[in-house]
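Here's a quick briefing to read with the model open beside you. Have a look at the loops, then the sheet, then the rest.

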Amino acid sequence: TGRLPLDQVLSTIDTVDIYIQPSLQEGLPRSVIEAMSKGCPCLGARTAGIPELIQKECVFERKSRVSIYKAIINVLDKNKLKKFAEQNFLNAKQYEDKVLDERRKAYFEKIAHDINVGH
């Protein structure tokens, strides 16, 4: 589909049962957080920040079709999918703009305080 505006990304996520992020390179994978914010169970490669965001059993080895397959099969249980969806929805709240803004503000205030104390 190419690039989509955020509202279309989020409405597309509403149509999927599982979001899979097989990245070979990432920073903080915003697309995983977006899927989590919609209560979508997520699977992802052991790449950069992905394992920090999702459940351990939802992480697969990079470049491994077998590992991706096993991760999918492992989560294809209605109760597990529900549990992951609920956890992801709650965890995504840590990355809302207002929460991140507060964390950034506190960080910069600490730096300013440390600089002032150091002089």
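A48 counts as partly exposed, because its relative accessibility of 48% falls between the 20% and 50% cut-offs. Keep in mind that this is a predicted model. The points below start with the loops and then move on to the sheet, a helix, a pocket and a ring pair.

**Loops and positive phi**

- A48 sits in the loop that runs between β2 and α3.
- Its backbone is worth a look: phi of A48 is near 45°, a positive value in a residue other than glycine.
- As background, most residues other than glycine have a negative phi.
- K63 is another case, with a positive phi near 60° in a residue other than glycine.
- You'll find K63 in the loop between β3 and α4 (65–75).
- K63 has a relative accessible area of 73%, so it counts as exposed, the cut-off being over 50%.
- G39, which follows α2, also has a positive phi, near 70°.

**The sheet**

- Three strands make up an open sheet in the order β1-β2-β3, and the pairing is parallel.
- β1 (19–21) and β3 (59–60) are the edge strands, each pairing on one side only.
- Three bridges link β1 to β2 (residues 42–45) in the parallel sense.

**Helix α2**

- Which strands does helix α2 touch as it packs on the sheet? Helix α2 (residues 30–37) touches β1 and β2, and its direction makes about 165° with that of β1.
- V32, I33, E34, A35 and M36 are the buried residues of α2.
- Those buried residues pack against quite a list of elements: α1 (6–13), β1, β2, α3 (50–53) and α5 (78–92).

**The largest pocket**

- The largest pocket holds about 180 Å³ of space.
- Its lining is made up of L6, L10, R30, I33, E34, S37, K38, F89, A92, K93, Y95 and E96.
- Which elements give two or more residues to that lining? They are α1, α2 and α5.
- α2 gives the most to the lining, with four residues.

**The aromatic pair**

- There is one aromatic pair in the structure.
- The pair is edge-to-face, because the rings of Y107 and F108 have their planes at 65°, and the cut-off for that label is over 60 degrees. Their centres are 5.5 Å apart.
- Is F108 buried or exposed? F108 is exposed, since its relative accessible area is 53% and the threshold is over 50%.

Note on methods
Residues are numbered from 1 along each chain as its sequence is written. This is a predicted model: local features need pLDDT of at least 70, side-chain atom pairs count only at pLDDT 80 or more; totals for chains, interfaces and linings use all residues. Side-chain values use heavy atoms; hydrogens and water are left out. Two strands pair if DSSP finds at least two bridges between them. Contact means heavy atoms within 4.5 Å. Axes are lines fitted to C-alpha atoms, for helices over the stretch in contact, and angles run from 0 to 180 degrees between N-to-C directions. Buried means under 20% relative accessible area, exposed over 50%, partly exposed in between (1.4 Å probe, protein chains only). Rings of Phe, Tyr and Trp (its six-membered ring) pair if their centres lie within 6.5 Å; planes under 30 degrees apart count as stacked, over 60 as edge-to-face and the rest as tilted. On a 1 Å grid over the protein atoms alone, a cavity is a set of points where a 1.4 Å probe fits but cannot get out, and a pocket is an open set with protein on both sides within 12 Å along at least five of seven lines; lining residues have an atom within 4 Å of a point. Grid points are joined across faces, edges and corners, and a volume is the space filled by probe spheres set on the points.
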